[in-house]
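Biologist: Please take me through this structure, and for each label tell me how it was reached.

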Amino acid sequence: MFELMFFGMYAFVLIAAAVGVIAAHNPVHSAMFLVLAFVSSSALWMLMEAEFLALALVLVYVGAVMVLFLFVVMMLDIDTKSLRTGVMRYAPIGVIVAFVSVAQVWSVVWLRSAGLPVMARPEAAPADYSNTKELGAVLYTEHVYAFELAAFILLLAIVAAIVLTMRRRAGLKLQNIAEQVAVKSEDRVRIVKMEAERD
């Protein structure tokens, strides 16, 4: 009973946060709503006894990826007024995506209520069971190349975010390292000899 109550509460917070990501006018507010959505999803993973996925969602996405998103959003200086114009032209695509998403959720609910074995609730794991150990054993043996590829893609995304912030903008002061290194002391310091004067 309590598990179902907490599931409904976290699911409601997750849906509200997802709507906030789309409806917020400020990109920083959208990113913060996305953080709330990730935390709510992590709580749902905990209820389904997937502790490793829940912790990874918080540590990796909230702790690292979202910080990167916030840096990119704040450093790109996005013009929110230009983004608001012409929003309604994407409304048909949004309606189609929303309809497909609702249909997928409804199919899961229908399959679970139909009693098919594919959607049967798994048996509870014993107290000494560690899904982190089992997942690590599979991840670093059978799927090690896919894991390394995902790490490389994440590194590429970080480099791309840094490159995006280094674009030339009006009024932006840039350093020329070659000119700074080539400067001599005679070009910057001028020694003037003066006779001592008495008052």
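Modeller: Of the 199 residues of the chain, 13% count as buried. Buried means under 20% relative accessible area, exposed means over 50%, and partly exposed lies in between, with a 1.4 Å probe and protein chains only. The model is predicted: local features need pLDDT of at least 70, side-chain atom pairs count only at pLDDT 80 or more, and totals for chains, interfaces and linings use all residues. Residues are numbered from 1 along each chain as its sequence is written, and side-chain values use heavy atoms, with hydrogens and water left out.

Biologist: What is the average pLDDT of the chain, and where is confidence lowest?

Modeller: The chain averages a pLDDT of 80, on a scale of the predictor's confidence in each residue from 0 to 100. Confidence is lowest in helix H4 (residues 80–84), at a mean of 64, and highest in helix H2 (residues 27–47), at 88. Where pLDDT is low, the predicted coordinates should not be read in detail.

Biologist: What makes the span of H2 close to the expected one?

Modeller: H2 has 21 residues, and the expected span is 1.5 Å times one less than the number of residues. A helix here is a DSSP run of H or I with at least four residues, numbered from the N terminus, while a strand is a run of E with at least two. The chain has nine helices and zero strands.

Biologist: Why is Ser41 called buried?

Modeller: Ser41 has a relative accessible area of 19%, which is under 20%, so Ser41 is buried. Ser41 lies in helix H2 and touches Leu14 and Leu57, not counting residues up to four places away in sequence. Touching is contact, meaning heavy atoms within 4.5 Å.

Biologist: Why is the pair of Phe38 and Tyr61 called tilted?

Modeller: The structure holds three aromatic pairs. Rings of Phe, Tyr and Trp (its six-membered ring) pair if their centres lie within 6.5 Å; planes under 30 degrees apart count as stacked, over 60 as edge-to-face and the rest as tilted. Phe38 and Tyr61 are 5.4 Å apart centre to centre with 50 degrees between the planes, so the pair is tilted. Phe38 is in helix H2 and Tyr61 in helix H3, 23 residues apart.

Biologist: How do you know whether Tyr61 is buried, partly exposed or exposed?

Modeller: Tyr61 has 39% relative accessibility, so Tyr61 counts as partly exposed. Phe38, at 18%, is buried.
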